[in-house]
Amino acid sequence: MNETILVLDFGGQYNQLIARRVREQNVYAEVLNYTTPIEEIKAKGYKGIIFTGGPNSVYDPASPTYEKEILELGIPVLGICYGAQLMAHLLGAPVKTAPVSEYGKTEVLVDDHEGILKYVALPEYGKDVTGCDKPGRTIMWMSHTDYIAEAPEGFHITAHTKDCPVAAMENTEKGLYAVQFHPEVMHSKEGSKVIRSFVRDACGCKGDWVMDSFIETQVAAIREKVGDGKVLLALSGGVDSSVAAVLLSKAVGKQLTCVFVDHGLLRKNEGDEVEAVFGPDGPYDLNFIRVNAQQRYYEKLKGVTEPEQKRKIIGEEFIRVFEEEAKKIGAVDFLVQGTIYPDVIESGLGKADVIKSHHNVGGLPDYVDFKEIIEPLRLLFKDEVRQVGLKLGLPDYLVFRQPFPGPGLGIRIIGEVTEEKVKMVQDADAIYREEVAKAGVDKEINQYFAALTNMRSVGVMGDHRTYDYAIALRAVTTDDFMTAESAKLPWDLLERVTSRIVNEVDHVNRVVYDLTGKPPGTIEFE
């Protein structure tokens, strides 16, 4: 078994970023809800435990908590934000409402460069800072309204801010560490150093978890689970389902049947492109079935405008189509889906709030005519899925294909979905992608697409008044798809795209560019 760090989730929305940062150190991380019994934690032999952030106040009796015994197991523990406050609270130290709340990029003054802040805020040229008169300074991301007023007995304060007296503290003798800031987010300038120091130094992990071992473990686990059963896989042609298909094919071969559902909500010409790659004339030895269900989906979505309802409908039809195909094939024991970690997070983990349900996570109907669902990529982030794809020998153009949501253009069309609107957004999106590629900036953007807004406005084309729709362009840069910033595209590129869309796409007379980051927005529109 690989060395594993437990990430104990206390309800924050972006807590899985902590697991992602641990994995960057080639150490496997597993996320469990705070309701997990301590006996289960003891039995798993974790090398370290990380308490995550959360939206509550530790002094509220209704807030998530844990047994104090977890701090006495002899396993190093790192508390982050709410997790830091919980550690202090369990040890009898005062946690109070902060006189001044801190949010965003904050200057942190490092008082002690030992422990997990060993490599943080070092002065230029690598000078020794031990015992220096002025503390080192760095920028970390803060997001809290409560604070640790005093460190618990036996703890040493290692960092502070102008408004937070305990920005970091530790008791190295007992292996307990806490930081008020969020080292897991990309806005924390040296956050990865904090995670590395905890995982490698405090926990003593060697860093032996790599994608090769993930593939071997998954292939073996799938073979054991499936036995001689038949497997049906939802193949969209996107990165996630494509990697899942090749991984399953490696595990069970011809026991796998891949069904591609063209629900009429794909990008322009994408159905034919997927068939060309995975169909009988493609390079992969897969049982491939294409189902053309466009009109079925349009009918189901008629008159529906609420985003969650659209997702649920698309998800339910997704399963129903597969049930029907399974009956044609014969007895099918397992359904495979390309669910990845961000899908699970945003659909809610434990008691975390749901941002949006994903059709292959939260949109499943109550009755599914399969023995079990297999999600081999469920614990991977997008960049990790791509690493697996490359290791499995998938071509670069497929592995680095633009991300595309399971519900497709159904959530890139604000309001009711109609066949006419689908064509509008398909044509606009194709123009956008073509021009971005021509400009040579496609590799600099992690995700970009066109969406159709529900806004209609007056315009003038030729000598005629128009009253038509607005297309919104979206482009973001991101490391992990959990947080993102809008891409700074060249102005002349945006002008070319706008001109072509307005002139070439019927019923569109306006184009806007979305500058919203994530948070507060999501990458998709719905």
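## Strand β7 between its neighbours

In this predicted model, strand β5 (residues 95–110) and strand β7 (residues 156–160) pair in the antiparallel sense over two bridges, and the bridge partner of Val110 in β7 is Ala159. Strand β7 also pairs with strand β8 (residues 168–171), again in the antiparallel sense, over three bridges; here Ile157 stands opposite Met169 of β8.

Thr158 lies in strand β7, and with a relative accessibility of 1% Thr158 counts as buried, because the cut-off for that class is under 20%. Leaving aside residues up to four places away in sequence, Thr158 touches Leu109, Val110, Asp111, Asp112 and Leu117, and also Ala168, Met169 and Glu170.

## The nine-stranded sheet

Strands β5, β7 and β8 belong to an open sheet of nine strands, with mixed pairing and the order β2-β1-β3-β4-β9-β8-β7-β5-β6. The edges are taken by β2 (28–33) and β6, each of which has a single partner strand, so that one side of each is left without a neighbour in the sheet. On average, neighbouring strands of this sheet are turned by 25° against each other, direction ignored.

Helix α1 (residues 16–23) packs on this sheet, where it touches β1 (4–9), β2, β3 (48–51) and β4 (77–80), and its direction makes about 160° with that of β2. Helix α3 (residues 82–90) lies across β3, β4, β5, β6, β8 and β9 (176–179), and runs at about 120° to β4.

Another open sheet is formed by five strands in the order β12-β11-β10-β13-β14, and its pairing is parallel. Its edge strands are β12 and β14 (372–374), each of which pairs on one side only, and the twist from one strand to the next averages 25°. Strand β10 (residues 231–234) runs parallel to β11 and is joined to it by four bridges, with Leu256 in β11 as the bridge partner of Val231. Helix α7 packs on this sheet, touching β11 and β12, and its direction makes about 165° with that of β12.

In helix α7 (residues 270–278), the residues Glu270, Gly271, Val274, Val277 and Phe278 are buried. They cover an arc of only 130° around the axis, which puts them on the same side of α7. An α-helix has 3.6 residues a turn, so residues three or four places apart point the same way. The cover over the buried residues of α7 includes α6 (239–252), β11 (256–262), β12 (287–292) and α12 (396–399).

## The chain as a whole

The secondary structure of the protein chain comes to 14 helices and 18 strands. Its radius of gyration is 25 Å, close to the 24 Å that the globule rule gives for 526 residues, so the chain is as compact as a globular protein of that length. Taken along the principal axes, the C-alpha atoms fill a box of roughly 70 × 65 × 45 Å.

Of the 526 residues, 57% count as buried, while the protein chain exposes about 22500 Å², of which carbon and sulfur atoms supply 48%. Among contacts between residues at least 6 apart in sequence, 74% join residues at least 24 apart.

Note on methods
Residues numbered from 1 in each chain as written. Predicted model: local features only at pLDDT ≥ 70, side-chain atom pairs only at ≥ 80, totals over all residues. Heavy atoms only, no water. Pairing = 2+ DSSP bridges. Axes fitted to C-alpha atoms, helices over the stretch in contact; angles between N-to-C directions. Contact = heavy atoms within 4.5 Å. Rg over C-alpha atoms; globule rule 2.2 N^0.38 Å. Buried < 20%, exposed > 50% of the residue type's maximum accessible area, 1.4 Å probe, protein only. Areas by Shrake-Rupley, 256 points an atom, 1.4 Å probe, with all protein chains shown as cover. Arc of directions from axis to C-beta.
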